[in-house]
Amino acid sequence: MEKYVYIALFAPLVSSIFAALFGMSSKKNFVGVIASLLLATSFMASATLASYIAEGGAAIHVTMMEWIGAGDLMIPFGFMVDHVSVTMMVVVTLVSTVVHIYSIGYMDHDKSFNRFFSYLSAFVFSMLVLVMSDNFAGLFIGWEGVGVCSWLLIGFWYHKEDVSPEVNPSISPSWAANEAFIVNRIADLAMLVGIFVLYWNTGSLQYDVVFAELPHLDTAILTTAAIALFIGAMGKSAQFPLHTWLTDAMEGPTPVSALIHAATMVTAGVFLVIRANPLYSMDAVSDVSYFIAALGTFVAFFAASMALVNRDLKRIIAYSTLSQLGYMFAAAGLGAYWIALFHLAAHAFFKALLFLGAGNVMHAMHDELDIFKMGGLKQSMRATYYYMGIASIALAGIPPFAGFFSKDAIIETAFNEGTLILWIMLVVTAGMTAFYSFRQVFLTFNGDHRYKEFGIHPHEMYKFVLVAMSPLALLAMIAGFFQGSFQEFITKLLPNYEMSHHTHELVYYLGGLVLVVAVSGIALAWKKYGNGLKRDEKCENSFIYQLLKNQYYIPHFYAEFISRPYALVSEMMWRNVDMKIVDATVDAIAHILYFSGDKTRKMQTGNLSHYLNWMGVGFVLLLIVAAITTVIG
Amino acid sequence: MIGLSHYLIISGILFAIGLVGVLRRKNLLMLFFATEIMLNAANVAFAAVSNYYHDLTGQMFAFFIIAVAASEVAVGLGLLIVLYKKFGTLDLDDLASMKG
Amino acid sequence: MDNILSVLVFFPAIAGLLGFVVDKGSARVYGISVATVELLLALWLWMSFDTANAGMQYVELIPLVPDFGINYYVGVDGISLFIVVMTALMTLLGMIGMSIEKEIKNMIISLLFLEMTMIGVFVALDAIVFYLFWELSLVPMLYIIGAWGGPLRIYASVKFFLYTFTGSLIMLVGMLFMAYLYNSVSGVWSFSLTDWYALVLPENYQIWLFLAFFAGFAIKVPMFPFHTWLPYAHGQAPTIGSVILAAVLLKMGTYGFVRFSLPLFPDASVMMIWPISVLAIIMVIYTAMVAYAQEDIKQVIAYSSVSHMGIIILGTFAMNAEGISGSIFLMLSHGIVSGALFMLVGVIYDRRHTKLMSEFGGLAAVMPKYAVIFGFMLMASVGLPLTIGFVGEFLVLLGFYEISPIGAILGGTTIIIGAIYMLTVYKRTFFGPVTNEKNKTLPDLNGKELTALVPLVAIVIWLGVYPKPVLGPIDTSVKALISFMHEKARSDIAKDTITLSKSVKEAK
């Protein structure tokens, strides 16, 4: 079995290096094909491993070699395939295989075609390292690796110019890329601190050793570690207040948004919490876990609210990603780790599908993203319409599609735990989710053909791309039916979470309520947008609409109160402190020496008589010194 | 009775006269005279103190000084004559050629 | 080859002397051949080095002034071995990438002499020999900056010389006092480090001596607030000068802390942890901010060097094997990475004769190979895992976390603010549209530049993925150093702070 581990892990690396060899030459289709084949190989290997584990095989550990060894620290390149990591592996490799094939079509006209595949495969490799590592340092490799690949991919169209935030809130791809990297780094520092805490208290970074030591540690240490690791997760999963980068990251090519900023990388934070479940499920850190759930719920609601009014096709989907990540954190924080993982997987399928559909629309609309300028696209893009429809139904949580099962389970968990406020917020968010998903579908595909004003002639995507998207559509439809078997599979490793008897009795009412809320959200969307765009000036000028449209003014706040002061303080540090104080002091000392020499130089007149006079002065001074020392001594 | 202090006062006065000469005079020859006065002030003090302690070392030292002063004058005066021949003056204000 | 170290030290100097008779046209080839032989010798030293032995190897001792115990005394251990190898490597690659045409022969000779002094510093085991090489290294550098530098070269080179010279004179006083103390205890004169190690000093003497040595090392590193000579020196120096300065000369300071301050004055070192780490943290954050404000790419790299040196200092004073091994590894990685970055800045300076970021933009489209290599070095500089930069930084912060969690967090902000200024440089230089007409036709890296840079990229990845061949011997020697310090420390607090391996600690 070990060879499958290596195949699954290294096929994407090989693909990346292979594509990189052609990185500077013109577009070559075979690069995309070979990369996709290698990714498919990786998926096959992952699937083989998954079936092996599902059949009751023992978790596989492989240790390749020592990485860092200093003092007592020993970090190997160790990989582990168990129930959790194999689930992630299958999800990651499946979505990325589809995205690779999709990209062959989507990046068809891009002259940096080969470079794109190199980055994309490198990302998959990093993500696999992240999920497969058997220690925190290896996780951190993947963690930073996906960060840097995300930087490369968001900034893929680096040649675009910076524009003012009024024109494009992301300013430019390269700006958005830097923002993503730096915000992630803030969280990474916290993550490192978490790693340090665990190392100095358990003496190792291996998961098994660390988790075995946990019961012997103080509450304070556990709390610090839990908080620090969670802050790390917040950055990668774009939780408030580190969320702004995710919507700006939509500047990257759409396949990237589908793969990285929806299905895989942003779920790394959730994965970390799930992986560290022995820590987060301890009683000593129950407050931290509750905070995770509360923050997740808040973000679910907060992000959904911003999606309600946005006009940018990709940004709406990005907000919905944020919101769904909030759901996952809510579940993980409440102790329902397997439900969080289940939602993670289901979400990956329909969200990737949604993004890829959006990519088709962009392709058809010549990179126009404003849904107010679309409308009636279903005539020309029937397949995409169906895909987006399926994905939106799944996202909105309408049975029998995947989203219903996983999201409903999370809402039930909130009810089951008796955290009513969280439950209410999650139910309301479900309604909002349904509304904004269908607002977007209706504005894009139904109603009048607004794009005609702009002289655009939309056309459907290539056939093979549409075919490649079909597995995702299928999974978005049927993944929910596997809830039971997934629970059985995953709870061999993760703590099981069962609803109480009381909740169980109410389950149909609860599910019905959520369904009613979701359907009414869709109905409202149909009423407002089903027959084309009717703009409501009064509503659009209202305070709340403006507040949501401007993302609660948070990017503005960051720019004014963090970025600008930082730049100003830096400038001041350089020009005033470094040049005028530190360096000036050094120069002043040199100048004092120089000037004292320059001034006293005049004594050197060349006139012997003057010299003798100075000698007399010196003689008298020495006498005085001698006298004083005699008196004092 | 003439005691040690009288000699020392004389020596001090002589030394002061010599010092003032060194500081104020501009003519090199006069400077020589002034240094000679100062040396002799030291000689007086040596001899007096030597007598006071009944230790001949001080007087020996005075002889040494006299000898050194004599040879110094011999060399110095020679140099002065060369200087005078070259510049036509012994005034220090006109001899300043090594300005810093 | 028992006297390999003497060969390593004096071969470049003798070759440099012979260089005076070499024809001007073949001076560069001559220099590169000499540096290649030197590098091969250094690699041979590494290959034949006994990695399991923590002590000094290839020791040579020739009395110079026996009455005062001054000997030509050299040796190498895991701590100095790799710095020597890196010195030889960076000198060679710097020469290969060098674009200077003016007075090339004199440049080559200066570089070869500089190589002698640098290697001499790292292998010296006698304080006077160390001091001699330490001071001699200023001369070729003064000449390189002063003769081939930019418009402010005289100011910059004189500032560099006088500033570092002042510090090392204070250090010399410290050395003389140390020898005096040794004499008053043992009755014989000795300047040999191994003799001094055996001397246990009272704490008040330790503090004063520590401060005297600190003056020399801190200015060389350079630590805040003694760093202002560095931006001028880098700003005015030719590319080759900056490469050597950043890669090797700065390491003399941090190496001095490890070789002298820690083992000679363990109690004082522990007492000085706080003031020094405060300075180091200020250095990390403050210079990173200053770097962000710069308009000149080279100045950004120069200030970033200061910032990274702060991390190295933090690691040195972490007083545990993780931190000190990490800081020595970081010395190497910083040498490689900052050397490469300075070479890269030199590349566009050669093409455009400006280093201002505002003159560039969109270079990634014009010079893709250049952008890729710059990108690698950028990622190594911000400490991305699997590049050389991460290993040291991680170990240092991990090690310092034991001394002070808050300090480690503040020092750790380097991973954020380091990314801020580096990514800003990259964005302003490489991203965006090509706005300046002059940039549209810039040629990409040529063969000479690639020959110098590609090995560095390979090392960055190799030692990032598999640092063990280097980290292992370092760690062996550092562990010996730690247990020696633990043994020697007088006060309980020092014994407590200097952490032996965990198992030993728990057993007690």
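Predicted model: local features only at pLDDT ≥ 70, side-chain atom pairs only at ≥ 80, totals over all residues.
1. Ground rules. Local features need pLDDT of at least 70, side-chain atom pairs count only at pLDDT 80 or more, and totals for chains, interfaces and linings use all residues. Residues are numbered from 1 along each chain as its sequence is written, while chains are lettered from A and ligands numbered from 1 in written order.

2. Chains A and C. Chain C puts 48 residues into this contact and chain A 42 (in contact: C-beta atoms, placed from the backbone, within 7 Å). Helices of chain C that each supply at least two residues include helix 15 (321-352) and helix 22 (468-488) (helices are DSSP runs of H or I, at least four residues, numbered from the N terminus). The chain C side has 31 nonpolar, 11 polar and 6 charged residues. Nonpolar means Ala, Val, Leu, Ile, Met, Phe, Trp, Tyr, Cys and Pro; charged means Asp, Glu, Lys and Arg; the others, Gly among them, are polar.

3. Chains A and B. Here chain B gives 11 residues and chain A 10. The chain B side splits into 6 nonpolar, 2 polar and 3 charged.

4. Cis peptide bonds. Pro399(A) to Pro400(A) is cis, omega near 5°. Pro400(A) sits in the loop between helix 16 (382-396) and helix 17 (402-416) of chain A. Phe224(C) to Pro225(C) is also cis, omega about 0°.

5. Met319(C), not a glycine, has phi of about 60°. Met319(C) is buried, with 26 C-beta neighbours inside 10 Å (buried: 20 or more; exposed: 12 or fewer; partly exposed: in between; C-beta atoms placed from the backbone). Tyr552(A) has phi near 60° and is partly exposed, with 14 other C-beta atoms within 10 Å.

Key
Contact = placed C-beta atoms within 7 Å.
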